[in-house]
Amino acid sequence: MTTEPKSFYLSKEIHQYLLDHGGAADPIGQRLIEETRKMGGVSMMQIAPEQGAFMQLLARLVGARKAIEVGTFTGFSALCLARGMGEGSRLICCDTSEEWTSVGQPYWKEAQVSDRIDLRIGPAIETLRAIEEDQGFDLAFVDADKSSYVAYGEELLRLIRPGGLIIVDNVLWAGAVVDHDNKEDNTQHIRAFNDWATAEARCENVMIPVGDGLTLIRVR
Ligand SMILES: C[S@@+](CC[C@H](N)C(=O)[O-])C[C@H]1O[C@@H](n2cnc3c(N)ncnc32)[C@H](O)[C@@H]1O
């Protein structure tokens, strides 16, 4: 069955309107966004401010005390998650880049969330496989190399407790997922992940058009 879409691509005006009504970053987050923007084209890897606000709220709603981020870049999504998680919580952040992650660290400090963030530099799949606390985590956010998305999903199903949440970014890949002529590697990896998550019996999923597409997975 097909129905008419009720979601739509945002105009600049509507985007600004939603930022003005609960989606904007606070001054610390805004300065981090601005510093990242000055890095040029790579800055497009950063999640949107309203996605950060949404994930901060999700972390709070899930009551996340222990979480994992796969793909930290300059640290904006980590800042949002760590804030949502509250005092005494722990967010393991996985990234391969010392250079990019070092940009975010002063902002984590200023926001007083540094003590919640455990940054681990190295290939994320190795970092995840080295974590022994099966079902010890409440939440995960995946936003790194697309070729490993299914492997991250498998490993996170071991690490996240039943009832916990896995948030996966870029699942629409700017719409390329439905362009049948698009055979690029990353498009194929994203399609493979989306099909895997849909078929995986341990996942209860919803895909929503926030940012570049987000899948929220409740682990059964
Ligand atoms: C899209 S960016 C993450 C953006 C970040 N979540 C934010 O909102 O600012 C992807 C990140 O994944 C990292 N990355 C790529 N391949 C990786 C791997 N195999 N293991 C760990 N991190 C990786 C990159 O260094 C980059 O910082």
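Predicted model: local features only at pLDDT ≥ 70, side-chain atom pairs only at ≥ 80, totals over all residues.

Tutor: Take G71: one of its backbone N or O atoms lies 2.9 Å from a nitrogen atom of the ligand. With D143, it's a polar side-chain atom that lies 2.8 Å from a ligand nitrogen. D145 has a polar side-chain atom 3.3 Å from a nitrogen atom of the ligand.

β1 covers residues 66-70, and β4 covers residues 137-142. These two strands run parallel, joined by 4 bridges.

How many of its residues are buried? The count is 6 of the 6, so β4 is largely enclosed by the rest of the structure. On to its pairing with β5, residues 160-169: the two run parallel and are joined by 5 bridges. Here you can look for A140, which has I166 as its bridge partner in β5. Helix α7, residues 149-159, packs on the sheet and touches β1, β4, β5, β6 and β7, with its direction at about 155° to that of β5. Another helix to pick out is α3, residues 49-62, which lies across β4, β5, β6 and β7 and runs at about 180° to β5.

And the whole sheet? It's an open one, made of 7 strands in the order β3-β2-β1-β4-β5-β7-β6, with mixed pairing. If "pairing" is new to you: strands of a sheet pair through backbone hydrogen bonds, either parallel or antiparallel. Which strands stand at the edges? Those are β3 (117-121) and β6 (203-208); each has a single partner strand, so one side of each is left without a neighbour in the sheet. Ignoring direction, neighbouring strands of this sheet are turned by 15° against each other on average.

Technical notes
Residues numbered from 1 in each chain as written. Heavy atoms only, no water. Pairing = 2+ DSSP bridges. Axes fitted to C-alpha atoms, helices over the stretch in contact; angles between N-to-C directions. Contact = heavy atoms within 4.5 Å. Buried < 20%, exposed > 50% of the residue type's maximum accessible area, 1.4 Å probe, protein only. Polar contact = N/O pair within 3.5 Å; in protein donor to acceptor, adjacent residues only side chain to side chain.
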